[in-house]
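This briefing goes through the inner spaces, the ligand surroundings and a few backbone details of one protein model. Keep the sequence and the 3D view open while reading.

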Amino acid sequence: MNPLLDGGINVNSTTVVIGASGAGKTTFAIQFIRKGLESGQEGIFVSLDENKEQIIREAVEMGWKEIMDHLKEERLVFIDASGKDFSNFIRKELHSFVNDWKGAGARIAVDPLTPVIWALENNYEQRELIGMLLKQTRRVGTVLCTLEEHGTEGDLSGKETAIPMYLADCVIHLRYKAMESSTNRMLKIVKCRNSWHSEVFHPYRIITGLGLVVQHENFRKTIKKESTVLLVKELEKNAHLLPKNIYQRMQKTFKDLTDAELGEISHSELMRHVIEEYS
Ligand SMILES: Nc1ncnc2c1ncn2[C@@H]1O[C@H](COP(=O)(O)OP(=O)(O)OP(=O)(O)O)[C@@H](O)[C@H]1O
Ligand SMILES: [Mg+2]
C-alpha cells in the first residue's frame, strides 16, 4: 500500500475505504489497526456489523494471534455498536471522548460507517454528523472508515458514499467483481489530500496470514519521468523569457513531476503554457 501513497497514510488524517461485500474492507481495517499496534500506537476498533468475537476470529485467521494480548492489555479497545447507538454517541459523547484521547496518536477504525449514515434523517444531518466525526476523531489520531458500495459496481456517486468521500482526506476504492475468478480485485486511490498518490488501478489479493496484498511492482519506476530532464533543458533554453522567481520555481516543479501528472501533455506544450502564463 505505502508505495502507492508516497509512504503511506498521513498521521491525523481521515481515510475512507469503499468496497462491495467481500471486497476486503474488514480485512483492510484490521490490517490498519494491526500496523498501528505493531508500531506502538493504540487502536480503537468500532464495529457496526460484526461482534467482537467474529472480528477476533477473522484477525486470528489472518495470522494475527497477538490481537488477544493487545485486547487484554488494553492497547486495543473494541467498541461494538449499532448505527443508531453510534450516531447518538457522535452527538452526545464524542466531545468528551476526544477530550480524553486527544493527541494520543491512536488509530481508529470504523467498520462499516454505512449504518451510521443510514441512521441519520437527511443529507444535512449526514453531512454535519459525519463531518463532526471525522474532524473530531482526527484529533485523536489516524482514522479509517469503511463504506459499503451498493448499486452498480464502480458507481461511487450514491449519497451514502459521496458525503464521506468529500469529507475525508483520502479515498481508497476496492473494486471487487464476485463473478470473475482470478483478477477480480482492483484497488485505486481516488484522492489523497496533501500527498502524491498513484492514480491507476492495482490488482490485489487477500492472502491468509497477510491480508490485502497490493501489486505494484516497478510502479514508481514507470511513473518517474525521463522526459522531465528534457523539460528542465527546455526551461533553461527559455530562461530569458521568464521572471527569475518563476524560473526558479519551475525548475523545482519540473524536477518533481511524474508521468502520471504529465499524462498526455508533451513537454513542449507544457513549456508553451508556462511562457504564456508567466512571461
Ligand atoms: N483467512 C482468509 N484467507 C484468505 N482469504 C480470506 C480470508 N478471510 C477472508 N478472506 C477473503 O476476504 C473476503 C472478505 O473479506 P472482508 O470480510 O474483509 O470483506 P468485507 O468487504 O468486509 O465484506 P462485508 O461487506 O461483507 O463485510 C472473503 O470473501 C474471502 O475471499
Ligand atoms: Mg466487513
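On a 1 Å grid over the protein atoms alone, a cavity is a set of points where a 1.4 Å probe fits but cannot get out, while a pocket is an open set with protein on both sides within 12 Å along at least five of seven lines; a lining residue has an atom within 4 Å of a point. By that rule, the second largest cavity is lined by Ile-30, Ile-33, Phe-45, Ile-55, Trp-64, Ile-67, Leu-76 and Phe-78.

The model is predicted: local features need pLDDT of at least 70, side-chain atom pairs count only at pLDDT 80 or more, and totals for chains, interfaces and linings use all residues. Residues are numbered from 1 along each chain as its sequence is written, chains are lettered from A and ligands numbered from 1 in the order in which they are written, and side-chain values use heavy atoms, with hydrogens and water left out.

**Cavities**

- The structure holds two cavities of 30 Å³ or more, where a volume is the space filled by probe spheres set on the grid points, and points are joined across faces, edges and corners.
- The largest cavity has about 80 Å³ of space.
- Its lining consists of Ile-44, Val-46, Ile-79, Phe-86, Phe-89, Leu-94, Phe-97, Ile-108, Val-110, Leu-133 and Thr-137.
- Strand S2 (43-47), helix H4 (83-92), helix H5 (94-101), strand S4 (106-111) and helix H7 (123-137) each give two or more residues to the lining of the largest cavity; helices (H or I, at least four residues) and strands (E, at least two) are DSSP runs, numbered from the N terminus.
- The lining of the largest cavity has 10 nonpolar residues, one polar and no charged. Ala, Val, Leu, Ile, Met, Phe, Trp, Tyr, Cys and Pro count as nonpolar, Asp, Glu, Lys and Arg as charged, and the others, Gly among them, as polar.
- The second largest cavity has about 40 Å³ of space, and helix H1 (25-38) and strand S3 (76-80) each supply at least two residues of its lining.

- The largest pocket has a volume of about 370 Å³.
- It is lined by 16 residues, and Met-1, Asn-2, Ile-9, Lys-35 and Arg-107 are the closest to its centre.
- H1 and strand S9 (211-214) are the elements that give two or more residues to this lining, and H1 gives the most, with four residues.
- By class, the lining of the largest pocket has eight nonpolar, six polar and two charged residues.
- The second largest pocket has a volume of about 240 Å³.
- Of its 17 lining residues, Ala-20, Ser-21, Gly-22, Lys-25 and Thr-26 are the closest to its centre.
- H1 supplies the largest share of the lining of the second largest pocket, three residues.
- That lining divides into four nonpolar, seven polar and six charged residues.

**Ligand 1**

- Ligand 1 has 13 residues around it, and Ser-21, Lys-25, Thr-26, Thr-27 and Thr-208 come nearest; a residue is near a molecule if one of its heavy atoms lies within 4 Å of it.
- An N or O atom in the side chain of Ser-21 is 2.9 Å from an oxygen atom of ligand 1; a polar contact is a pair of N or O atoms within 3.5 Å.
- For Lys-25, the distance from a side-chain N or O atom to an oxygen atom of ligand 1 is 2.7 Å.
- Thr-208 has a polar side-chain atom 2.7 Å from a nitrogen atom of ligand 1.
- Ligand 1 has 640 Å² of accessible area on its own, and the protein covers 67% of this; accessible areas come from the Shrake-Rupley method with a 1.4 Å probe.
- The shell around ligand 1 takes its largest share, three residues, from H1.
- The shell has four nonpolar, six polar and three charged residues.

**Disulfide**

- The structure holds one disulfide, that is, a pair of cysteine sulfur atoms within 2.5 Å.
- Cys-170 and Cys-192 form it, with their sulfur atoms 2.2 Å apart.
- Cys-170 lies in strand S6 (residues 170-176) and Cys-192 in strand S7 (residues 185-192), so the pair ties together parts that are 22 residues apart in sequence.

**Backbone details**

- Most residues other than glycine have a negative phi, and most peptide bonds are trans.
- Asp-111 and Pro-112 are joined by a cis peptide bond, with omega about -15 degrees; Pro-112 lies in the loop between S4 and helix H6 (114-118).
- Glu-74, a residue other than glycine, has a positive phi near 60 degrees, and Glu-74 lies in the loop between helix H3 (67-72) and S3.

Definitions and conventions. Polar contact = N/O pair within 3.5 Å; in protein donor to acceptor, adjacent residues only side chain to side chain.
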